[in-house]
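User: Here's a model I'd like to go through with you. Can you back up the labels with numbers as we go?
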2 protein chains.
Amino acid sequence: MISKACKYGIRATVFVASKIELGIKLNVKEIAKEVDAPEAFTAKILQILNKHRIITSLKGPYGGFFIDQFQLEQPVINIVNAIDGMAVFRECGLGLEQCSEKHPCPMHNQYKIAREALLDAFQKTTIGQLASQLSDGTSFINNMELSSAAATD
Amino acid sequence: MISKACKYGIRATVFVASKIELGIKLNVKEIAKEVDAPEAFTAKILQILNKHRIITSLKGPYGGFFIDQFQLEQPVINIVNAIDGMAVFRECGLGLEQCSEKHPCPMHNQYKIAREALLDAFQKTTIGQLASQLSDGTSFINNMELSSAAATD
DNA sequence: ACCAAAAAGGATAATTTTATCTTAAATAGA
DNA sequence: TCTATTTAAGATAAAATTATCCTTTTTGGT
């Protein structure tokens, strides 16, 4: 669906965003831990996010990652775009280059609905919205640790 | 979204299915060519499809791959399940193990809609339906070769 | 000016997915 | 029974993705 890197990226961004009230900067180690992603890999992803101005970073002591108010308004699709690109939302369900609205592959119409629902989900959800859904005290990882079930139901 | 292997698998199956009227068997080479997939890799995928009784194979001279009438009734999800498994349709949009209906991650509800739309597309489309959308003379690859555009629109 | 802390950047490694190659098994026909 | 053809199976390779490590740059505090 979307890459692991991208999921880490969304989680990291949302976590950083959730701390905006505190006015603190978070370092890679803290973020990686809370977000349950490998540290060095998380660092790479945070780099990308910073370059795309999804989040902001500051080097040096007392440095780290944080997010600005205006960045909370950004839709989650911006993160997906920064890490995975937009190809998934254009690609044919059968992987055919030739498939288009005018020359649709046999699955085109069915698949299109799903693809657009996914795009929609990422487009109309903002980083701020996700962040605000995190109950403040605990991390969004710890939020859920009571359950061992997957997202099936 | 779904793997390349799985897309090859769907294409191959649909192509084989589209020949049911002719009562012929197709060999790997023909299938791979028409479906625009690497030959040896296609062979592996056809093997899997045969094991899962999506299609049927026969060894030896005059052997090859074909599909039976009853197999046309199968939903495309069976192919996805055979090759990729069903995990995509259960997984959390943020990749969180802990995410569930009771303890949803911040993206849960939005993502669920898209995930279910995708599942739906694969579940309610049968192999026969896709095959019948292929205009008979040409392959479904060649069908579309007039266009160079992707499936964006 | 120097030191320590933190991100940035580059190189490398591990894993997974995609792809190929080679040999074995099955089977139809001569 | 032998041969040719075709899939099955196993081993290996290539490419892409995920992950780690090491060095450089930036910067705040002393």
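User: Which helices and strands each supply at least two residues of the surface near DNA strand C?

Analyst: Keep in mind that this is a predicted model. In chain A they are α3 (39–51), β1 (56–58) and β2 (64–66), and in chain B α1 (4–18) and α3 (39–51). The largest share, four residues, is from α3(A).

User: What makes the pair formed by A:Ser57 and DNA strand C a polar contact?

Analyst: The cut-off is 3.5 Å between N or O atoms. For A:Gly60 a polar backbone atom is 3.3 Å from a sugar or linking oxygen of DNA strand C.

User: How is the surface near DNA strand C made up by class?

Analyst: Twelve residues are nonpolar, nine polar and six charged.

User: Why is α2(B) called roughly perpendicular to α3(B)?

Analyst: Helix α2 (residues 28–35) of chain B packs against α3(B) at about 110°, with the axes 9 Å apart. The label covers 65 to 115 degrees, so α2(B) counts as roughly perpendicular to α3(B).

User: And which residues meet there?

Analyst: From α2(B) they are B:Val28, B:Lys29, B:Ile31 and B:Ala32, and from α3(B) they are B:Glu39, B:Thr42, B:Ala43 and B:Leu46. By class, that contact has five nonpolar, one polar and two charged residues.

Note on methods
Residues are numbered from 1 along each chain as its sequence is written. Chains are lettered from A and ligands numbered from 1 in the order in which they are written. This is a predicted model: local features need pLDDT of at least 70, side-chain atom pairs count only at pLDDT 80 or more; totals for chains, interfaces and linings use all residues. Side-chain values use heavy atoms; hydrogens and water are left out. A polar contact is a pair of N or O atoms within 3.5 Å; within protein, one must be able to donate a hydrogen and the other to accept it, and residues adjacent in sequence count only if both atoms are side-chain atoms. Ala, Val, Leu, Ile, Met, Phe, Trp, Tyr, Cys and Pro count as nonpolar, Asp, Glu, Lys and Arg as charged, and the others, Gly among them, as polar. Axes are lines fitted to C-alpha atoms, for helices over the stretch in contact, and angles run from 0 to 180 degrees between N-to-C directions. Angles under 35 degrees count as roughly parallel, over 145 as roughly antiparallel, 65 to 115 as roughly perpendicular and the rest as oblique. Contact means heavy atoms within 4.5 Å.
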